[in-house]
Amino acid sequence: PSCFGYPLSIFFIVINEFCERFSYYGMRAVLVLYFKYFLQWDDNLSTAIYHTFIALCYLTPILGALIADSWLGKFKTIVSLSVVYTIGQAVTAVSSINDLTDHNRDGSPDNVSVHIALCMIGLILIALGTGGIKPCVSAFGGDQFEDHQEKQRTRFFSIFYLSINAGSLLSTIITPILRAQECGIHSKQRCYPLAFGVPAALMAVALVVFVIGSRMYKKVQPQGNIMIQVSKCIGFAIKNRFRHRSKEFPKREHWLDWASEKYDKRLIAHTKMVLKVLFLYIPLPMFWALFDQQGSRWTLQATTMDGNFGAIQIQPDQMQTVNPILIVIMVPAVDAVVYPLIKKCKINFTPLRKITVGMFLASMAFVAAAILQAQIDKTLPVFPAAGQSQIKIINLGTDGATVRFEPQLQTVNVMPAESTGYVTFETSQLQSLSISSGNKTAVKIIELPGENRHTLGVKNTATGIVAELLFDNVTSKPEEGNNLIRFINNLPDTINVTMGDTSFGTVMSLSASNYTLFPGGRKDEIVVIRNSIPCSTTSQAFGFGSAYTIVVDECTRDVLNVIYSEDIPPNTVHMAWQIPQYFILTCAEVVFSVTGLEFSYSQAPSSMKAVLQAGWLLTVAVGNIIVLIVAGASKLSEQWAEYVLFAALLLAVCIIFAVMAYFYTYVDPNEIEAQLQEEEKKQGKKDQNIYEKQVEADSKL
């Protein structure tokens, strides 16, 4: 059956691919934040495991191709590995259910190792599944066409590529929104089970859709795997060359010619062409090392930024959508506008030059990321190091106050109802504080635990100076753009404080509540109950990633007066500043990725496409392993320096590649094929002549 001149079975395959890519990219988009916030891993471990997972996803296709070509055939491979995949997605979704081990219902898992174990099992199954399917689906689609449908087949591959991008685009927008929802049975937190569950459901849909079409597919029997033949041929050539290493054996034109005793000329000729291309692949992994950090380092960079786009609030993991959106726009634009313009300028923009330009652009994208990171670092708070303490002072009284940090370390003046920033001291040196306000003075002897922040509340009262030292217990900037809020009661009576839906409980006079997390970017109503009389006001908007102390200063029947003191400044660098680096990296992808595969296929016979695809995917896997090695070995404390390091490495590799490309001579597989056939004909004629002469001689006898 056909439809618009296409085999009907194609539509099932395209829908299947769309769902599978949606499932994969959706899960991948929220993965690094799941590691960081749910499994509570630090940035470096999260990045390492993320890249290990991606490397696995690109190593397993080689396995998938072997299974399909040598044993099960493409159809059975896709079905059986899709089942593995769906189970993997489901296990990962279950691993993110907080209530699974949260017996004390405090909103964080009691036994994290259960979640980690489930998550790792899920990810391994997903890597097996996605990798096993990847090389089979597109080839299986290609199998559906007859030989005369060349035009439709080409168009199918572009529709297929579009469905990949559509799937990844939609899922990168949708899954982070799902993740940002609040859900849970006993306590509410970020909804990772939904963010992983929807991809799992779509994978199940993909599987069902694919199986429904079963009747219509053209199923080609497994033909044996070309990779195995190529590997054997290379292995035999090396062994044979080694056996004949002494001087008396004549040299051969190419080391692969040593395989001619056992393998036919055509396979040897094809293998030579493939190796020539694979040799050019050696520098390529460095590009992927940078490219795949969009989902790890760049997403973590976005968590320290301000995602407020006016009406909408962008989640850090949604910034990754900039890439697929730009791809959808740029691939046609570059083909229709940029390349023709370059051609008009009489520049010969060969495929290898395009790849070199792609590498250079990716390197520049990381320079942009480093510049941005340096700007972000300026806005990040400095916390006390080992052996240090920090103190900030809030003046709760109506007179100015002077605080001297003794012995003679520093003197600070604070106006009424004002506060200072944090002042840093060596813990061992600071012994006491002498405070004067109005005409009174007081001395407070202090012993600090070290490595912490403290707030000193100072108030000049009728009976003397009151000085309360509060312990701040905040050691890092609030994550995910949340805010930390606490209240200080500057009234003579005990009060009860609520903000939004969160109760801060009872706060005694001149003491403070604990810090509580609030979602960023919104205003909440503050209600204070004093002697069972409520008073209320609406809070200011707190930005993203800040911490504030709110002083309750006055509460009469209708009026609530509060003073805001900023403990940690909000994220001030806007997420939109990430767009330039995404734009440059997408330009790089367009000239690099699209060209790379086209070039490979143009330089080798069609029978070798599987080997080249395996090689190409291998460069992605190796690239992700490079991230592990560089990030692990560099031990750079500054994130911007790591970006510069990656940019420098890629630039160096780019120069090496440019030299390699300069010495490369392009081949035409069809010409070589024609030569081989020509030789075969000659050989055939020769054999025929010898045979005829032999017959003639025999007849004379």
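Buried means under 20% relative accessible area, exposed over 50%, and partly exposed in between (1.4 Å probe, protein chains only). This is a predicted model, in which local features need pLDDT of at least 70, side-chain atom pairs count only at pLDDT 80 or more, and totals for chains, interfaces and linings use all residues. Residues are numbered from 1 along each chain as its sequence is written, and side-chain values use heavy atoms, with hydrogens and water left out.

**Exercise 1. A peptide bond**

Solution. 
- Most peptide bonds are trans.
- Pro-407 belongs to the loop between β8 (401-406) and β9 (410-414).

**Exercise 2. Aromatic pairs**

Count the aromatic pairs, then work out the geometry of Tyr-24 with Tyr-25.

Solution. 
- Apply the rule: rings of Phe, Tyr and Trp (its six-membered ring) pair if their centres lie within 6.5 Å; planes under 30 degrees apart count as stacked, over 60 as edge-to-face and the rest as tilted.
- The count by this rule is 39 aromatic pairs.
- For Tyr-24 and Tyr-25, the ring centres are 5.1 Å apart and the planes stand at 70°, so the pair is edge-to-face.
- Tyr-24 has a relative accessible area of 0%, so it is buried.
- Tyr-25 has 22%, so Tyr-25 is partly exposed.
- Next take Phe-140 and Tyr-217: centres 5.1 Å apart, planes at 75°, so edge-to-face.
- This pair links distant parts of the chain, 77 residues apart: Phe-140 is in helix α4 (residues 112-143) and Tyr-217 in the loop between α6 (192-212) and α7.
- Both Phe-140 and Tyr-217 are buried.
- Ring pairs also build a cluster from Tyr-34, Phe-35, Phe-38, Trp-41, Tyr-192 and Phe-196.

**Exercise 3. A nonpolar surface patch**

Identify which element gives the most residues to the nonpolar patch.

Solution. 
- Patch residues have over 30% relative accessible area and no salt bridge; like charges are joined within 9 Å, nonpolar side chains (Val, Leu, Ile, Met, Phe, Trp, Tyr) within 5 Å.
- A salt bridge is a side-chain nitrogen of Lys or Arg within 4 Å of a carboxyl oxygen of Asp or Glu.
- The patch holds Leu-56, Leu-59, Leu-63, Ile-124, Leu-128, Leu-618, Val-622, Ile-625 and Ile-629, with about 680 Å² of accessible area together.
- Elements giving two or more residues are α2, α4 and α14 (609-634).
- α14 gives the most, with four residues.
- Leu-128 is in helix α4. Its relative accessible area is 32%, so Leu-128 is partly exposed.

Conventions: Areas by Shrake-Rupley, 256 points an atom, 1.4 Å probe, with all protein chains shown as cover.
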